[in-house]
Amino acid sequence: MKRPMRTLDLEAEFKRLEELIAGAQSFFLAGHLNPDGDTIGSMLAIASVLKRLGKKVRLFSQDPVPENLRFLPHVKSVRSSLPKARFDAAILLECSTPARGGALEPVLKRCGKVVNIDHHKTSEFYGDINIVEPHSSSTAEIVYRLFHNMTVNVSRSEAACLYTGIVTDTGRFHFPATSPRTLEIASRLLETGFKFSRINDLLYATKAREALKVLGRALESLEIKAGGKLAVLTLRLSDFRDFGARTEHSENVINFGMMPPGVKAAVMFREEADRVSVTFRSRGHIDVSVVAKAFGGGGHRNASGCRMRGPLQAAREKVTAVLTRLLS
Ligand SMILES: [Mn+2]
C-alpha cells in the first residue's frame, strides 16, 4: 500500500539514527538499481564513518558501479553478492521502496532495524527510521547534515564521496534543487582539501572514445520538429557496431537534444536487435511521462522512457506524432 507523503521532524529522526548507530555493531548498506553518484557516494561516506566508529559494514549494490565512479575511495568494497549474515541494522539509500534496491528482502529479514534515507518525494515510509527530505538536492546533502548533527568531522575521502553525490545529482549545481545550503555544504566539503578539480575532470571531462563517436552520430541525426519545440535524435544498431560501442556509450546523449533554443522536449530513438528504446526529456510543465506510458513505459514528468516494437522508422513516426500533438 502506498502511504501518503508525510512531513516528519527531521531533527528527531537524525537523533534516532544517531542512537541506533551508537547501539548497533553491524550494518548492511544498500543503494538502488543502476546506481548513480549520489547513491554510491553516500553509501561509501556512511560506511567510512561507521568504520571509524568501530562498526562492521557490508556494502551492496545489485548492479555494478558505473565505470566513471570507480575512482571513488574504497569503491571496491561495494559488492554485488547478497550476504548470508545477520545485521543489527540496514541502511537503504535512495530506495523509494526496498524493491528499488533489488532482491534485498531475504537480507532485510535478518536486519534488526531498517533505515530509509532518501530525497525522493515518492519514498514510502517503510523504515523503522525514515530520513526523507524531498527539499534536499541529493542524499549526500542529507548525509552531510547527519554527520554534522553527530558532530563527526568529515575526512578528506568522505568529502570526496559526498561531493560526488552532490555534484552529480545537481547536474553540476545546475538543477533547480540546488539551494544555498547545497552550495554551503559543498564549500564545507571543499575545505577538507580533497582533489576537487581531479574529480570534476574524471566526471565531466573524460569520455570513452566509443561514447564520443556515438555522440557524433547522434548529433548528426538531430532533427527539429513541431515548429522548433521538439528535438529528435536517432541511433541505429550500425552506429554502435561501427565503433564497437555498447548501449551505455549513448548515456546522456538525449540531453544534447534539449540544447537548441526553443526546444521544449527531446526524444531519442535507439535501435535494438528486436526493439526500439525511446528516451524522453522535457522542460517545465510538459509531461513526457504520459507519452512514455502510452507506449508501455513510464518515468517522471520531465524524464521518461519506453521500449517498443520496431521497425525503427514506424516507432519514430508514431511517437513523434504523439509528441507533436502534446506540444501543439
Ligand atoms: Mn539522489
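These legends walk through several close-up views of a predicted model. Residues are numbered from 1 along each chain as its sequence is written, and hydrogens and water are left out of side-chain values, which use heavy atoms. Because the model is predicted, local features need pLDDT of at least 70 and side-chain atom pairs count only at pLDDT 80 or more, while totals for chains, interfaces and linings use all residues.

**View 1. Four residues hold the manganese ion.** The protein donors are Asp-38 (OD), Glu-94 (OE), His-119 (NE2) and Asp-169 (OD), and they lie 1.9 to 2.4 Å from the ion. A donor here is an N, O or S atom within 2.8 Å of the metal (3.2 Å for Na, K and Ca); water is not among the atoms, so sites may look incomplete. Along the sequence, the donor residues follow the spacing D-x55-E-x24-H-x49-D. Helices (H or I, at least four residues) and strands (E, at least two) are DSSP runs, numbered from the N terminus. Asp-38 and His-119 are both buried; buried means under 20% relative accessible area, exposed over 50%, and partly exposed in between (1.4 Å probe, protein chains only).

View 2. Six strands make an open sheet in the order 3-2-1-4-5-6, with parallel pairing. Strand 3 (78-79) and strand 6 are at the edges with a single partner strand each, so one side of each has no neighbour in the sheet. Two strands count as paired if DSSP finds at least two bridges between them. Strands 5 and 6 pair in the parallel sense over four bridges, and Asp-118 has Val-132 in strand 6 as its bridge partner.

View 3. Strand 10 (residues 275-282) and strand 12 (residues 303-309) run antiparallel over seven bridges. In strand 12, Cys-306 is the bridge partner of Val-278, and Ser-304 is that of Phe-280. Ser-304 is also the bridge partner of Gly-299. Strands 11 and 12 form a hairpin with three residues between them.

View 4. Most residues other than glycine have a negative phi, and most peptide bonds are trans. Arg-172 has a positive phi of about 60° although it is not a glycine, and Phe-173 likewise has a positive phi of about 60°. Arg-172 lies in the loop between helix 5 (156-169) and helix 6 (180-190), and Phe-173 is found in the loop between helix 5 and helix 6 too. Phe-173 is partly exposed, with a relative accessible area of 28%. Elsewhere, a cis peptide bond with omega of about -5° joins Gly-310 and Pro-311. Pro-311 belongs to the loop between strand 12 and helix 12 (312-327).

**View 5. Met-259 sits out in the open.** Met-259 is exposed, with a relative accessible area of 59%. Look for Met-259 in the loop between helix 10 (253-257) and strand 9 (265-271).
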